[in-house]
Amino acid sequence: RRDGEMMSSPHLETQDSVRRDSGGLELKDVKEENKIGGWDGECAENDPMKTLDPPRTSSEACRDCLLSLLDGGVFQIIGIIVIILVIGDGALFFFMMMGWHTLCEPKTDCEPRNTTLNISIQILNFLFTYMNLVASPWRVVNFLHIAGWSCPKRSNDISCNLYGIKNAPDLWFYIPLNRRMGIVILLLLNAITQFINQAARLVFYTYESSNSWPGVLWVNIFFATSFACAGAAGAWMSVEAHILRKNNPPGRFGPGPIESFKQAYRQFVSGKDASRDSNYQDPTRNKRMSTLFALDRGSMRMWGA
């Protein structure tokens with residue numbers, strides 16, 4: 001075979017790309033090693049979605065449409081902005097609460113400190129509510145899948161995605177089922193208690209009403225519960241992800257949050273689109289939509305990102 005010629009075998013053309021280095025040595029990039037299960041987008045003839053039993057239903061198509069919309073570039077940009085605002089406004093709230101300011105005296109009970117504190121916590125609650133709204137569809141879908149209550153029922157065995165197709169690249173589907181259910185329940189409790197907390201903040205919207213009985217109970221107990229559930233779920237999921245990555249070869253799963261942000265930054269600098277660089281096929285992620293992060297990344301969608 002001459003340099004630069006395509007290999008004659010259709011199978012090898014699909015699976016392998018062969019090139020030569022400057023010394024004439026053949027270098028193989030074997031996509032089969034990086035391809036997990038039947039999810040390589042270039043192997044259309046082996047597309048597992050075409051052999052589903054039962055076939056994909058209209059309700060599943062609607063679900064996928066919603067999930068892919070929430071996973072698109074617009075919501076990802078909003079998600080990044082929300083995270084930045086949470087950090088900034090959270091710092092302002094903490095400084096006002098601790099009295100670390102020069103606005104007035106006494107530092108923990110004066111104006112405009114009290115008004116600033118109230119506005120800050122209202123903004124913070126709204127941001128948390130938005131994050132839970134965006135993440136809730138993915139959380140509910142996974143709860144139904146893990147419980148075996150999806151319709152039609154699909155396999156929820158280890159490595160099976162929402163369609164019961166084995167060897168999906170998302171690390172989430174490799175966490176043992178009972179632990180996955182525990183994480184999802186915590187995240188659902190995080191959302192429910194946050195929605196109750198948001199309603200309480202709308203009822204007791206002034207500084208005075210939110211710091212007197214019964215408002216002080218309503219706005220604090222559900223805020224603390226929601227925060228605790230999110231923290232516990234995040235820590236649990238991080239531990240499970242660490243165990244899986246430690247016990248599997250590098251590159252076995254899609255990139256985690258930190259690596260995803262690094263990839264997105266590199267692609268932004270180079271002017272590339274993450275959606276065009278991945279062969280990963282997933283009906284809940286639309287490759288035709290603009291996306292900031294690699295399509296085979298880990299389940300940051302649990303967190304609205």
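Modeller: Let us begin with Pro 48, whose relative accessibility is 13%. Buried means under 20% relative accessible area, with over 50% called exposed and the range in between partly exposed (1.4 Å probe, protein chains only), so Pro 48 counts as buried. The model is a predicted one, in which local features need pLDDT of at least 70 and side-chain atom pairs pLDDT 80 or more, while totals for chains, interfaces and linings use all residues. Residues are numbered from 1 along each chain as its sequence is written, and side-chain values use heavy atoms, leaving out hydrogens and water.

Biologist: Where is Pro 48 placed, and how far from Lys 166 is Pro 48 in sequence and in space?

Modeller: Pro 48 sits in the loop between H2 and H3, where helices are DSSP runs of H or I with at least four residues and strands are runs of E with at least two, numbered from the N terminus. Although 118 residues separate Pro 48 from Lys 166 in sequence, their C-alpha atoms are 9.6 Å apart.

Biologist: Which value makes the bond between Asp 53 and Pro 54 a cis peptide bond, and where is Pro 54?

Modeller: Omega there is about 0°, and Pro 54 belongs to the loop between helix H2 (31–34) and H3. The bond from Trp 213 to Pro 214 is also cis, with omega near 0°, and Pro 214 is placed in the loop between helix H7 (207–210) and helix H8 (215–246).

Biologist: Why are H3 and H5 called oblique to each other?

Modeller: The axes of helix H3 (residues 58–70) and helix H5 (residues 113–147) come within 10 Å and cross at roughly 140°. Angles under 35 degrees count as roughly parallel, over 145 as roughly antiparallel, 65 to 115 as roughly perpendicular and the rest as oblique, and H3 and H5 are therefore oblique.

Biologist: Which residues of H3 and H5 meet, and how do they divide by class?

Modeller: From H3 come Arg 63, Leu 66, Leu 67 and Leu 70, which meet Val 134, Pro 137, Trp 138 and Val 141 of H5. That set holds seven nonpolar residues, no polar ones and one charged, where Ala, Val, Leu, Ile, Met, Phe, Trp, Tyr, Cys and Pro count as nonpolar, Asp, Glu, Lys and Arg as charged, and the others, Gly among them, as polar.

Biologist: At what angle do H5 and H6 pack?

Modeller: H5 and H6 pack at about 145°, with their axes 8 Å apart, and 16 nonpolar, 12 polar and three charged residues make up the contact.

Biologist: How many helices and strands does the protein have, and what share of its residues counts as buried?

Modeller: The protein has nine helices and two strands, and of its 305 residues 43% count as buried.

How values were computed
Axes are lines fitted to C-alpha atoms, for helices over the stretch in contact, and angles run from 0 to 180 degrees between N-to-C directions. Contact means heavy atoms within 4.5 Å.
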